[in-house]
Each structure stands twice: as structure tokens, then as C-alpha cells.
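Subject: Structure handover

Hello,

The structure we discussed is below, followed by my notes on it. Please read them alongside the coordinates.

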Amino acid sequence: MSFFGLDCTRKKEGEVERKIRANDREYNLSFKYATNSIKTSKYNPFTFLPLNLFEQFQRIANAYFLFLLILQVCKIQVCCEPPNNRLDRFTGTLTFDSQKYSLDNERVLLRGCTLRNTDWCFGLVLFAGPETKLMQNCGKSTFKRTSIDRLMNVLVLFIFGLLALMCIILAVGNGIWENHAGSKFKAFLPREENTVFSAFLTFWSYIIILNTVVPISLYVSMEVIRLGNSYYINWDRTMYHAGSDTPAEARTTTLNEELGQIKYIFSDKTGTLTQNIMTFNKCSINGKSFGQDQSHMHQKFIIFIMDFSFNRLADPKFLFYDHSLVEGVKLELPDVHAFFRLLALCHTVMAEEKREGDLVYQAQSPDEGALVTAARNFGFVFRSRSPETVTIEEMGIQRTYELLAILDFNNVRKRMSVIVRNPEGKLSLYCKGADTIIYERLHPSCSEFAGEGLRTLVLAYKDLDEEYFSEWKQRHHESSVALEDREEKLEKLYEEIEKDMMLIGATAVEDKLQDGVTQTLEQLAKAEIKIWVLTGDKQETAENIGYSCNLLREEMNEVFAFALESNMELEFLRTACICKTVICCRVTPLQKAQVVELVKKYKKAVTLAIGDGANDVSMIKAAHIGVGISGQEGMQAVLSSDFSFAQFRFLQRLLLVHGRWSYLRMCKFLRYFFYKNFTFTFVHFWYAFFCGFSAQTVYDEGYITLYNLVYTALPVLGMSLFDQDVNAGWSLEYPQLYVPGQLSQYFSKRAFMMCALHSWYSSLVLFFVPYAATYDTARDNGKDGTDYQSFALITETCLTVTVCVQLGLDLSYWTVVNHLFVWGSLGMFFILTFTMYTDGLYRLRPSSFAFIGTARNCLNQPNVWLTVALTAILCVLPVVVYRFLSSQISPTINEKVRYKVCQMKEPAPRPRRTRLTRRSTRRSGYAFSHAHGYGDLMTSGRFLRRNALTCSTGLIPTGRSPGFKPTGRSAGYSPVGREQNPKQKVEPTSLQMFRAVKDSFF
């Protein structure tokens, strides 16, 4: 028998011999031989679960893990906030064994997170599918179409209406003609007695004849032009980044001309405007400033390379330019050691040491990484951390500090603190934060840092009483697990303990912009492009970058709006549009997309979004044009973008050169294409009044076939692929050339109507001038010269020459290819005309080549060539006159620049890099962008300070340093109206005063 798929029967006795009969199934089945079916599956639907479990529990470890799961997870309960799109906060409580534990953003794993320093963990799925943070922030994928495509849809509908109107007019004319004159032509054509039916047939006949107003070659040519302009972007060597071996890439071929109409640019900050690389430049310790200005040093050709050979764990890439700070560390100055000890302890950095001495820091913000790396090089090396401890190496001696609490940063507190117990058992609080929060007035050295565009961070500390901290810790735990008013309760506790701190010093960290960012932003601003920076970082970080790249200046008034709710979006948009610079801080990926959609909806402007990370994907998808930067944050932005490159500076060439050229070429193509096809078609309309509305074509059938395919195809493609009003250098030199594209001046409904009127006029000239020139005339041999075939050939010749002359007037940049296409098309017209009108082809297909001998009999007449010249001149004369008068009376920016370029007779200038100076007063520079730790903290920013106290060993206080003196009205200020030191009539220091700070901006 079989049990669980296992054969438990006795083994079949061995065969001695086998007997088989052909075509005798019953006989063969009697021996119970095996059938032809083969079973390779291990399980069947009934045995899968028991057999699989049996095999899995062959591993004793799996049984052990299942046992633990039953014991632990079943007793865990989580109560948390409902699904939302907030990435920077999370509130929840975990209950286990009657104990409550706080759940915050640090306990939530989002997509892309990596667990470190642990071999295993327990996890619980809170949100799945569409409720995850990622999906809550995902924007909708929409099919992107250019504004020209949308305009073309409207124009095509208009053209269809115009076509129907012309056919109705001609059909009515046919009905009238049949009633009045149709009976006179019975000898030549059979007459339809029902004039209404005749008019009906005529209507559809003219629909076929006049369909060339919108030929299919229009859309084919547009796609060829877009493809060619896309290749220009891919082939542009000036947009190639050698450092990362990354060329520019047009990931779509349908949006090129839209690049020439951008009005709003929405840019990410980190990794897009900046390199995401921070450098520790300067610091102030106990009133003494360390560090030198690298730019001045390079100007003097003096470079001081610091020697960190005394530290075996120093980072070889770290550079500092003041040897006195290294000497202070070697001399074991207490203030200097306290300064770097704080930097080594007060952070959220993770350390990886793959081999001895090879430390790699993983920081949530590059600012923190720069500060911890600085402490590492000066002898205070952060080695590792656990949830309860932080291990550092102080001047070669390893010390482990007990980590008791982290009071993490948020955009209201503008500071972070840690509470630690050193190996000797002493409790201390270390704090670093924005200068405007730590003390009201900066020391002159800190003001100097901020004036140079550096990020200023102030360091302070205080010693804690053991009994007080134990009581505070208990209250902190109770507040952290509260589901109601958790944030307010924690704010009060943080404010309570972060006061009466002692000042240690200040740091200055530089966030390096990418090369050419400032110049690119200036060029785009001259092109009337508005640039909005949308970043998830805190306000201080965004402000500093704004000042660094000259988006912000000190004379600007600051306006901060928190208005992405639907009831305030219009107010937000109105406020933002009157600002010179817009920087949106602490926005989620979904909010970035909402800002873009808001501008698209109400401003009706073409938008571009540029970013480098996964948090920019929604914004990139929402904008008309999405640009991805292949940086250090992966390829998600690039994969979702329409265009990509490696550096932000390439954006100016993408827009001011490729975008403007693509738009200009496409507009020229459309204007010329509509002109040549409307002119070609309208001649049929006028001819109908002279042929009895019989749907007779004015041209030869072969000419109708070859007009768009051969005679006029290549010249317009050559213009659309190679034309340029000015070259790339002058396009960058004069960004104002970009403005007409934003205003849709090159192609619009008005431009289309002007083109249609010009075609209407040209068609009149092309029909009636040859008609008048050949009416009642004779050739040189005395024969009649007014036959239909001769008239058709003359009209064809006039039309071909005219459209080629018009294209020559539209061309701004003649190349060898353009000459070849234009003259080659004219030559091809005459070659094919003489070929098709020969005797040989007529004998082969008499019905298709009926114009036998017409070319040689007609084109040898001088009056024919005079007619051709006169027709071409009359057709282009209005264009020449209009352009001349407009250039003299009201010249466009293009005409002004081209005239200036012609007058200069110099090669195009190279893009120049201007060195920009920025005047700056003191501003905060706490640039840490990591997430909230224990929830949103206090909103008041209140800070209490007291006089310097004498402390025991372990951490040497700085005391009242003469280097930190208050200036201006800050001296002696007290919010309660009392003197700070009534016994001594001297100005108190910044450490002796306390002040309640209420920042109305937050």
C-alpha cells in the first residue's frame, strides 16, 4: 500500500522473462507491466503539508525558532498611527509582558533601510501593499505629451473643419454647375441626372484630393526630427562626466522641444545642487579660532598639509590647514580634548571596521560624518556603538561610555543631545546645535564662519546629578509610551534638562556645491526660468545652500509658508510666485509632486523636475520634463526620468542649447510644412472653379505622389535637424534667447493663422499668375500653349521653386547637408519630370504617364521661366517685407543677438565661470538632516544658561573665556527685567545670561 506517497508494499518479485503481444492490449495488461506515465513530483496535494513539515523539522533549529515564535510574538501587541505618507515621524506603542515600549521613527524599517550591528531581529509588518510609506508617496505615472502636441490636436481639428468647409463649398458648386451648365457637356462626359447625388459624390472626391492639408508624412517627419535631436543630446561631449564615465542620455524621444519652453524648475538639494560631500573647515574652542581659508591659501600659493601620523586611525583623506590645533591635541589642552570628545560622542553615526584600523562611517547626514571624521583625525576615534554603549578611542586609550538617552534633532529644536556615563561613573549631557539656539549672539569668530557661507554649529555640555537623572528618566519613559500628547510631554522634558549648559566651542562645516551650480542657476535665472528648491532637509540646511549658490541674499525678506493643504494651496501659490526665491523644506516625496501639480494646474506653465534619489521620483513623474542625476543615491531617479546626466551644471546646456534648438527647429518645421502643404492644396481649390467642380486635379498624378515624398521631404528635414539661429556658445552667452520659447512665440495659434494666410495668398499667386501668363498664348512654333498639361507643369514648377526659396529664407544656418538637400531636391524634380514625360514610359503605362513630351515642349519657352521667377518673387515678397520692417521697427532678441554676432565677427565665447561674492550676516548653520529620534520636540526653543562653574576632572569646563564676548544690545539682556550681575557693573558674557527665544518663523 501507499502512505504519504511512499510505497510500503512488498517489493515485486523479479521477472524471469517478459511476454508481449503486438496489438493485444488485454493480454499485455494481464501482466501489470508499468505504463508510459512518469511521475517526477515529490509531493501531491494531500502529502505536501505533512511531508514538508516533517522535512523542515528534521532541523532541530527550526523547531526551536517556532517554539520561540509561539512564546514571544503571540504576546506582542502594537498600537500605532494609521497609514500616512509622513516619512519623518512615526508614533506607536508596543506592549509585551505587560510592559509598554515606545515606537518611533527609529524603529520603523522603510524600503532601502539596512540593519547593522546585529545578527538577527524580530519584525512585525505594520503596513503592507498600498498602505506602505512608499506607495503612499508614489505619484501617478502619466503619459507625457508636449505642448506642441496638444496644440497640434487643436489645429488638426481646425484643419479637418476647414477641409470639410472647402469640400462643402465645392460640392455645392458642383450641384449649381450641374444644374446650369452640365447639360452642355453630355458629349464629353456622362451626366448624373440627380444633382444632389452628384454633389454628394463630389464632396467625397474632394475629401480625397484635398487630404494633403494634413498628410501622414507630417507626423512621421516630426518623429524623425525628435529622434535626431535626441541623438544630439546623447552625442554631446560637453555633457559627458569623465569622473563617473556618464554621458547625457535622452531616455525619451518625444519631449525634446518641450525643453525649450521650461518656465519652472523644481530641484532637489542634496546630491543635485550639492556633491553630498562635507568638509570640516574651521572651529572655535574657548574663544580661539582654528583653521584657515583654503581659497586665500591657494591664491598665495601656500598649502599647509597637516601631519596626522601620530594617529594610526586617522583618515588619510581628511585635510586641515592649521597645525596649532594638532599641537593643542598633542599638548592635551583640556578645552581641546573636551571639544573633540563631544564630537566623538554626540551623534548617531554607525561605524564599520572590516579590518583593524579600517573604519567606515555610515552617517544619516554627511554633516555628521564630517564632524565625527574630524574628531577621529584629531585623536578621538569613534569605534563602535550598541544600543547601550558608545566606544571611542581617546588618544590611543579605548573608553566605553554608557549611552543613557539620545535627545535627537528635529527642525524645531535645531539641536541634539546625548546623555552618557563615562567609565568613572560621571553623568554628562553633550549638546550640539544651531548658534541661534545655543546662544543669542555669536562670537565674532562664529560670525566670520557664517559670513563665508560655512555651516556653524555650537557645542555645549552640562554635568548631571544621578538622583535627578533617575527621576527624569522615569518621567521620560512614561511620556515616550503615551499615545496622547506624546510630543508635548517630551518637549517639556527635553527643555527641562537642556538648560544651564556650558559653552565649549563652535564648528564650521562646508557643504560643497557641485561644480558650476552657481553659474548654472544664474544663467537659468537670466533666461526667466523660476527655480524652486524642494528638499526634505531642515530649513537651516536649505537656507545655507540657498546662500551658497546665491539663490538667497541678505537683502531678501524671508517668507515661510506651510500651505500644501487644499484650502490654502492658492494662497501658497500666490505667495510663492511673488517671491524671488522659493525653497520648500521638510517636504515629503508626495508633497514635492503636489507642489509641481499645483504650478501645472494654475500657472499653465511648462515644468521641469530634477533630482537624484528615490524620494524625487514622484516629482520627476509629475513634471512635464523629468531629469535624473546619476549620483550617489542609486538609479531610481534616472530610471524614472526623461533625460539624465551626471552633474547639475549640464542642465543649462540641455535647456539653453539643445532645448532651445529643438523647439526652434520644430516650430520652423511646422510653419514651413503647413505652408507648403496648404499652398499645394489650396491651388486645387481655385482650380475647381475652372474645371466645373469635377474633382479634376491640377497636378500630374506622379507629382502629387512625389511632392511630399521626394521634392520637399529632405530640405525640411535638413532645416529641422541642422538649423540654428546662433551657435551653442552664443546661446549660453545670451540666455535671454530662451524667453521666446516660454511665450510660445515661434509657433502658436496666431502663428498658424499667419501661416495659413500666407499659404492662401501664395496659392492665389501660384494659380492665377501661370493662368494669366498662359491664357491665349502660343509657343515659338506657333502652336497653342494653353493646354491643361502645360498649365499643370508650369504650376508644378512654380510651386516647387517657390517652396524651396521660402525654405532658403527660413534657414538661418546653411550647411553642406542643407545645400545638398535643397539643390538636390530641385534637381531631382527636373530629372524625374523629364523622365516621367518621356515616350518610353508612356509606351509602358499610357494611363499613368499621359504627359508625354510636355516637359521638353513647355520648359524650353522663355516666358515659362519668367513666369516661374515672377511667381516665386510675388509669393515670398510679403515675407521679405514683413521681416525687414519688423527687424527695423521692433527687432526680436534673436535678431538683436544675430546682428551683434555678425558685427563682432568673432568666434563664439567659451562658457565663463564668474566668481561670485556674497555679503552675509550671521545665520544659523545647523545642517543635520537626519530623522526624528524620539518624536517632535519643543517648539519654543527656550534656553537657560548660567555662570561657569568649577567642575571636577573628567571634563574640563571652559569657564568665562575672554574670547566669547557679547556685542550690541545682547549685553546684559534679561527677559525678566533683572540685572544679570548686580554686584559687578560689567557686561555679562553669553554664558551668564538666559533668554526665552520665540522664533515666529517656526
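**The annotated active site**

D268 is found in the loop between β7 and β8 (274-285). Please note that this is a predicted model. The UniProt annotation "active site", from an unreviewed entry, covers D268. D268 counts as buried because its relative accessibility is 4%, the cut-off for buried being under 20%. Leaving out residues up to four places away in sequence, D268 touches L273, L534, T535, K592, I610, G611, D612, D616 and M619.

**The seven-stranded sheet**

β7 belongs to an open sheet of seven strands with mixed pairing, in the order β6-β23-β22-β21-β7-β19-β20. β6 (249-250) and β20 are the edge strands; each has a single partner, so one side of each is left without a neighbour in the sheet. Within the sheet, β22 (residues 625-629) and β23 (residues 643-645) run parallel and are joined by three bridges. I629 has F645 in β23 as its bridge partner.

Two helices are worth looking at here. α19 packs on the sheet and touches β7, β19 and β21 (606-611), with its direction at about 170° to that of β7. Helix α18 (residues 569-577) lies across β7 (262-267), β19 (530-534) and β20, and runs at about 125° to β19.

T588 sits in the loop between β20 (582-584) and α19 (589-603). With 7% relative accessibility, T588 counts as buried. Neighbours within four places in sequence aside, T588 is in contact with N85, R86, L87 and N137.

β12 (residues 380-385) and β13 are paired antiparallel over five bridges and form a hairpin with three residues between them. R385 has V390 in β13 as its bridge partner. On the other pairing, β13 and β14 (residues 397-407) are antiparallel over six bridges, and T391 stands opposite T400 in β14. The hairpin of β13 and β14 has two residues between the strands, and M395 in this hairpin takes a positive phi near 50°.

Is β13 enclosed or open to the outside, and why? Five of the six residues of β13 (residues 389-394) are buried, so the strand is largely enclosed by the rest of the structure.

Residues 154-177 are 100% helix and 0% strand, and the end C-alpha atoms lie 35 Å apart. Residues 669-690 are 91% helix and 0% strand, with the end C-alpha atoms 33 Å apart.

**A helix pair**

The axes of α24 (residues 713-722) and α29 (residues 816-836) come within 8 Å and cross at roughly 165°. That angle makes α24 roughly antiparallel to α29. The crossing of α24 and α29 is left-handed. In the contact, L714, P715, G718, M719 and F722 of α24 meet V817, N818, F821, V822 and S825 of α29.

Regards

Notes
Residues are numbered from 1 along each chain as its sequence is written. This is a predicted model: local features need pLDDT of at least 70, side-chain atom pairs count only at pLDDT 80 or more; totals for chains, interfaces and linings use all residues. Side-chain values use heavy atoms; hydrogens and water are left out. Helices (H or I, at least four residues) and strands (E, at least two) are DSSP runs, numbered from the N terminus. Buried means under 20% relative accessible area, exposed over 50%, partly exposed in between (1.4 Å probe, protein chains only). Contact means heavy atoms within 4.5 Å. Two strands pair if DSSP finds at least two bridges between them. Axes are lines fitted to C-alpha atoms, for helices over the stretch in contact, and angles run from 0 to 180 degrees between N-to-C directions. Angles under 35 degrees count as roughly parallel, over 145 as roughly antiparallel, 65 to 115 as roughly perpendicular and the rest as oblique. A crossing is left-handed if the near helix is turned anticlockwise from the far one by less than a right angle, and right-handed if clockwise. UniProt positions are given in the numbering used here, feature names are shortened, and annotations may be inferred rather than shown by experiment.
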